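Let's take a walk through this model, going from single residues to the sheet and back out to the whole chain.

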Amino acid sequence: MKRIFLIEDDQAIAKNLMLLLQSEGFIVTHAATRKEATDTLVDNKFDLALIDISLPDGNGFTVCTEVKEVQNIPVIFLTASGDEASVVTGLNMGADDYITKPFRPRELIARIGTALRKSGRSAATFEVCGLQVDTASGVVKKDGSEVFLSALEYRLLLMFVNNPKSIITRDRLLDELWDAAGEFVNDNTLTVYIKRLREKIEDDPGKPKIIRTVRGTGYRLGDGHAPE
C-alpha cells in the first residue's frame, strides 16, 4: 500500500482527507505544523506528500523543499486560494501539482494517481479469481473485460483488495463508506451494495469466491476457491 504524508493544520479538513485516503487504500500520516512535518520525515518513508501552503509556523513551500531534499517524492499542494502567484511559486519550488480548496474527492484521488504514475510509484495490479484491479488507474477487469463499478462499489472493492488477509466487519465497512461516499449508507443498503458488487465480479454471485461472508462478523477476500 502507498504511504501518503499529509501536512494540513486544519484538523477538520485533515480528518476528512485521512478518511477519504484511507478508504482508497492509502496509509496516511498527518502532521499539522512545519516542525512536526520535518520531524516526521526523519523516521518515515512516503510515496507522496499533500502539503497545505499555509501553516501556523511557516509555509508549505519550505516543507516542499525539505520533502524533496530528504525523500524526493511527488508533492501536491493544497491551497485555499486560487492565487496564481502561490501556484507558480509552488511549482517552481518542485511541486508536482496543486489543487484548490474546496475540491471534489474524486479529483484529488485522480491527481494523486497521476502523480504516482509519473513518479513510477503507482500500485501494482491486484488479481484474484480472474478479477484484475488496477488501483492506479481505477480500472477493474473480469477475465479481460472491463467491469464498470459505481464510485461506492469501487471503494467497497478496494476495502477488500487492500486488506486481503483480514475479516472486515460490517461496522467498519459502514464507517468507511459513510465517510467516503457522502451519501447515506446503512446496514440494509450495505447488503444491497455487496449484492450488486458480487453480481458484477463473481462467476456465480450465489456462491461467491471473491467476497466471502463470515457469518456473524462481516466479510473477507476469498482466495478463488469454492466456499467451504
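Is Cys 64 buried or exposed? Cys 64 is buried, with a relative accessible area of 0%. Keep in mind that this is a predicted model. The other cysteine to look at here, Cys 129, is partly exposed, at a relative accessible area of 24%. As for disulfides, searching the whole structure turns up 0.

**The chain overall**

The protein chain has 228 residues, and buried ones make up 45% of them. Its secondary structure comes to 8 helices and 14 strands. Take the contacts between residues at least 6 apart in sequence: 54% of these join residues at least 24 apart. The accessible surface of the protein chain is about 11400 Å², and carbon and sulfur atoms account for 49% of that.

Five strands form an open sheet in the order 2-1-3-6-7, and the pairing is parallel. Strand 2 and strand 7 are the edge strands, each pairing on one side only. From one strand to the next, the twist averages 20 degrees. Helix 1 (residues 11-23) packs on this sheet and touches strand 1, strand 2, strand 3 and strand 6. The direction of helix 1 makes about 165 degrees with that of strand 2.

Strand 6 deserves a stop of its own. How many of the residues in strand 6 are buried? The count is 5 of 5 for this strand, which spans residues 75-79, so strand 6 is mostly covered. In a regular strand, side chains alternate between the two faces of the sheet. In strand 6, Val 75, Phe 77 and Thr 79 are on one side, Ile 76 and Leu 78 are on the other, and all of them are buried, so both faces are covered.

Strand 3 (residues 48-52) runs parallel to strand 6, joined to it by 4 bridges. Within that pairing, Ala 49 stands opposite Val 75 of strand 6. Strand 7 (residues 97-100) pairs with strand 6 in the parallel sense too, over 4 bridges. There, Leu 78 stands opposite Ile 99 in strand 7.

**Helix 2 and its two sides**

Which residues of helix 2 are buried? Across residues 34-43, the buried ones include Ala 37, Thr 40 and Leu 41. These residues span an arc of only 105 degrees around the axis, which puts them on the same side of helix 2. Turn to the other side of helix 2, and Lys 35, Val 42 and Asp 43 are exposed. The cover over the buried residues of helix 2 includes strand 1 (3-7), strand 2 (27-31) and helix 3 (60-70).

Most residues other than glycine have a negative phi, and most peptide bonds are trans. Here are some places in this model that depart from that pattern.

| Site | Backbone value | Location |
|---|---|---|
| Asn 72 | phi about 50 degrees | loop between helix 3 and strand 6 |
| Lys 101 and Pro 102 | omega about -10 degrees | Pro 102 in the loop between strand 7 and helix 5 (105-118) |

Asn 72 has a positive phi although it is not a glycine. At 54% relative accessibility, Asn 72 counts as exposed, because the cut-off for that is over 50%. With a relative accessible area of 24%, though, Cys 129 is partly exposed. The bond that joins Lys 101 and Pro 102 is a cis peptide bond.

**Around Ser 86**

One last stop is Ser 86, in helix 4 (residues 84-92). Is Ser 86 buried or exposed? Ser 86 has 18% relative accessibility, and buried means under 20%, so this residue counts as buried. Leaving aside residues up to four places away in sequence, Ser 86 touches Ile 53 and Phe 61. Ser 86 and Tyr 98 are 12 residues apart in sequence, and their C-alpha atoms are 9.9 Å apart in space.

Methods: Residues numbered from 1 in each chain as written. Predicted model: local features only at pLDDT ≥ 70, side-chain atom pairs only at ≥ 80, totals over all residues. Heavy atoms only, no water. Disulfide = S-S within 2.5 Å. Buried < 20%, exposed > 50% of the residue type's maximum accessible area, 1.4 Å probe, protein only. Arc of directions from axis to C-beta. Contact = heavy atoms within 4.5 Å. Pairing = 2+ DSSP bridges. Axes fitted to C-alpha atoms, helices over the stretch in contact; angles between N-to-C directions. Areas by Shrake-Rupley, 256 points an atom, 1.4 Å probe, with all protein chains shown as cover.
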